[in-house]
Amino acid sequence: MVVSCKSFGLFGIDSFSVTIEADISPGFPAFDIVGLPDTAVKESRERVRSAMLNCGFSFTDQRITVNLAPADIKKEGPLYDLPILISILMSTRQLSVSLDDSAFIGELSLGGEIRRVNGVLPMTIKAKDEGIKHLYVPAENATEGAVVQGVNVYPVKNVAQLLRHLKGIEKIEPVLFQEDESVENDFPDFADVCGQLEAKRALEIAAAGGHNVLLIGPPGSGKSMLAKRIPGILPEMTFQEKIETSKIMSIAGIIPKGTSLVSERPFRSPHHTVSFSAMSGGGTIPKPGEITLANNGVLFLDELPEFSRKTLESLRQPIEDRSVTISRVNGSVTYPCNILLVAAMNPCPCGYFNHPTKVCRCTDKKIYNYLNRVSGPLLDRIDIHVEVPPVEYSELSSRVKGESSEEIRKRVNSARKLQNIRYKDTGVNCNANLTSKMVKEFCKTNEEAENLLRQAFDSMGFSARAYDRILKVCRTIADLENCEIITADHVAEALQYRSLDRKYWEI
């Protein structure tokens, strides 16, 4: 007798429907799982057998064949344990209920407990699309699945509880979604940063327009301290951004326990030894990398020149296109990476080139080689270059608190509100994402500003990409001042954020 039940699999950040078919036939005792299972799926045989016996069910001594359809897509992970067990119980007539509009997800312990799995949120979204009305998931995953309206998500702790529910003996109540409206900002405050007014201003512009930033300065000047405070001034996430970010974290298995939706923008800070695959994503079945895990948030690369050249160059296309495509024999996956890239570096190997009081011990050749670990094409894609000088003693000893992150965030929110209205129905949510065509349409300059831009372009040798990016930064500076037309003052400020590479790179 062949019976089936429904489940789901993961590929990229999306899910696909899987039908679990079980057949019991006469023959030598065997338990085979087919349909391109990986090792974790094949090991389900032992977990399912032990769970059935320990829960008081009999395990047949006939031949069991379980098929995971479609058979041409690789299945991975232990999430198929529960649907395999249900299908075997149905085929051996130890369970007899209608499961036409139901689906099951969960890993089994040997004693029949149901353990959490990754990717429940995208699988719940797929369940809704497939018309599934009842979805049974591990209790620890239920809150993230409950976000999706139109599907009853049942938190299941163990096999016995699930079967009592299916037989109508003791019902499990579905989890209801309750969004936490009072989300606290747990990021460090800009008020704790002494001095560095120019750097704070640059980071405010970066947050308001979604621009990539390079911080360059000597050790101890506060580059990392500033970078870690950027998420605290970014605008609040939209519901769609929360869903997208939660999906990615759910798949990666890093969504906080008991969390329905991730409400804080991610902040990822990989070590400089991170590999190419860990940064961009990869694997036999592609997994999201750091640039995807930072989607809708900040990717902070400290000590930028210490990253391998291959790893840094892998950032060029994603930060330009806001997505990364990973191709494997099994297929291609496109991950979103709408990130704000923040990088920090010293001006030389010892860190004290151009320091006002300390002597740099590096030769010109060492400095040149160090700086050129960051390629020109990558540097060209960073909108704002900020010099972070050493902090004066008077600033460190001052008892006067600086401007708080909350005050800066209000101005950022106002600027983003203007951008949302201006770019409504265009698919663009901030100035940094403008296309070349949109730059010409929305970055209007007066005559004085146009003349200043022309002079800078001729004298400083900017590329076409740099020209577009300067105009985007000008647009953000104007938005912070609620100006529709870009003026010469806006251009002058934007230009100073592109001069740093000439100062250091022309050694």
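How many residues line the largest pocket, and which of them lie nearest its centre? The largest pocket is lined by 30 residues, and N338, G427, V428, N429 and N433 lie nearest its centre. This is a predicted model, in which local features need pLDDT of at least 70 and side-chain atom pairs count only at pLDDT 80 or more, while totals for chains, interfaces and linings use all residues. Residues are numbered from 1 along each chain as its sequence is written, and side-chain values use heavy atoms, with hydrogens and water left out.

**Largest pocket**

- The volume of the largest pocket is about 670 Å³; a pocket is an open set of points on a 1 Å grid over the protein atoms alone, where a 1.4 Å probe fits, with protein on both sides within 12 Å along at least five of seven lines, and lining residues have an atom within 4 Å of a point.
- Grid points are joined across faces, edges and corners, and the volume is the space filled by probe spheres set on the points.
- The elements giving two or more residues to the lining are α9 (239–252), α13 (316–321), α17 (405–422) and α20 (464–480); helices (H or I, at least four residues) and strands (E, at least two) are DSSP runs, numbered from the N terminus.
- Helix α20 gives the most to this lining, with four residues.
- By class, the lining has six nonpolar, twelve polar and twelve charged residues, where Ala, Val, Leu, Ile, Met, Phe, Trp, Tyr, Cys and Pro count as nonpolar, Asp, Glu, Lys and Arg as charged, and the others, Gly among them, as polar.

**Parallel sheet**

- Five strands form an open sheet in the order β11-β14-β17-β10-β18, with parallel pairing; two strands pair if DSSP finds at least two bridges between them.
- The edge strands β11 (267–268) and β18 (384–387) each pair on one side only.
- Strands β11 and β14 (residues 298–301) are paired over two bridges, and F267 has V298 of β14 as its bridge partner.
- Strand β17 is joined to β14 over four bridges, with F300 opposite V342.
- Four bridges also join β10 (residues 213–216) to β17, where L214 is partnered by A343.

**Buried elements**

- Six of the six residues of β17 (residues 340–345) are buried, so this strand is largely enclosed by the rest of the structure; buried means under 20% relative accessible area (1.4 Å probe, protein chains only).
- On one side of β17 the buried residues are L340, V342 and A344, and on the other L341, A343 and M345.
- Helix α3 (residues 81–91) is likewise largely enclosed by the rest of the structure, because eleven of its eleven residues are buried.
- R93, which follows α3, has a positive phi, near 65°.

Conventions. Buried means under 20% relative accessible area, exposed over 50%, partly exposed in between (1.4 Å probe, protein chains only).
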